[in-house]
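Biologist: I am new to this structure. Please show me how to read a few of its features.
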Amino acid sequence: MLENLWVYIILGLTSIINIVIPISGSATVTPFLAILTTPHIAIGLASFFFFLSGIVRVYMFRKQIQIKYVKSLLPISLVAAIIGAFALVKINPQILLIVILIFASYFLYKKLKDVFFQKEKKSINRLTVHSIGFLSGFLQGTGLAGSDLRNNYLYSEKLSLAQVHGTTALIGATNFFATTIIRLSTNQLTIPNLIPLLFVFPFIILGTWLGRKILYKIDKKYTNLIIILVMILIVLFLFFKIISQ
């Protein structure tokens with residue numbers, strides 16, 4: 001599946017984009033992989049991709065990790081992620097593809113609203129820490145966007161962007177490692193499915209390093225236009241894949 005260099009480059013570019021612009025990988029990586037393969041395999045591959053990228057982020061943002069929040073969020077988040085990974089087996093592939101499209105469309109709407117209509121961010125309604133940990137973990141286990149909920153909570157706690165990257169990467173990488181193991185044991189994925197992603201690892205390292213370097217140094221309006229264009233293309237490709245089946 002991942003035989004072409006352009007696929008590696010695109011996945012590497014998402015590592016840069018997701019550092020410079022804090023956007024869920026479920027809005028970019030998962031829909032992109034869903035275009036190339038089946039929804040179940042796409043989610044499984046995305047989980048392994050997020051695990052690999054999480055390792056890199058944990059190392060590069062290790063000094064910014066806030067252990068206090070890791071201790072409060074990780075245990076229940078990990079349990080919920082395992083539940084979500086098992087639940088994924090029961091979901092119809094076509095329904096799953098539609099759900100991915102809905103999430104991709106929602107994030108596109110959210111991004112357009114933030115860029116063109118909403119000048120100031122509204123305060124985030126806080127859930128309890130346990131609810132945030134459980135919901136974010138369960139969503140990540142099923143392959144949907146869980147990091148947004150967790151990150152919004154961390155932002156509301158006044159953590160910096162670098163601190164959020166490090167803290168959420170440690171939690172997310174742990175969740176995605178567990179869900180990858182479950183998907184392998186339940187035959188949602190096979191080892192040969194994962195091996196090509198290992199060749200993406202150097203691109204992830206380079207992309208994350210570059211993303212950290214240019215963080216806060218590039219005009220936000222240009223990065224926003226790039227990500228909006230990417231998201232529009234992804235939504236269109238997903239839509240045409242659904243109607244063609």
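Predicted model: local features only at pLDDT ≥ 70, side-chain atom pairs only at ≥ 80, totals over all residues.

Modeller: Residues are numbered from 1 along each chain as its sequence is written, and side-chain values use heavy atoms, without hydrogens and water.

Biologist: How many helices and strands does the chain have?

Modeller: Helices (H or I, at least four residues) and strands (E, at least two) are DSSP runs, numbered from the N terminus. Here there are 11 helices and 0 strands.

Biologist: Is I17 buried or exposed?

Modeller: Buried means under 20% relative accessible area, exposed over 50%, and partly exposed in between (1.4 Å probe, protein chains only). I17 counts as buried because its relative accessibility is 17%. I17 belongs to helix α1, residues 5–20. Of the 245 residues in the chain, 51% are buried.

Biologist: What separates the C-alpha atoms of I17 and G211?

Modeller: A distance of 6.9 Å, although I17 and G211 are 194 residues apart along the chain.

Biologist: Which residues gather in the patch of positive charge on the surface?

Modeller: Patches are made of residues with over 30% relative accessible area and no salt bridge, with like charges joined within 9 Å. A salt bridge is a side-chain nitrogen of Lys or Arg within 4 Å of a carboxyl oxygen of Asp or Glu. In this chain the patch holds R62, K63, R212, K213 and K217. R62 is in the loop between α3 (39–60) and α4 (67–87). R62 counts as partly exposed because its relative accessibility is 43%.

Terms used: Patch = residues over 30% accessible without salt bridge, like charges linked within 9 Å, V, L, I, M, F, W, Y side chains within 5 Å. Areas by Shrake-Rupley, 256 points an atom, 1.4 Å probe, with all protein chains shown as cover. Lys, Arg positive; Asp, Glu negative; His and termini not counted. Charge placed at Lys NZ, Arg CZ, Asp CG, Glu CD.
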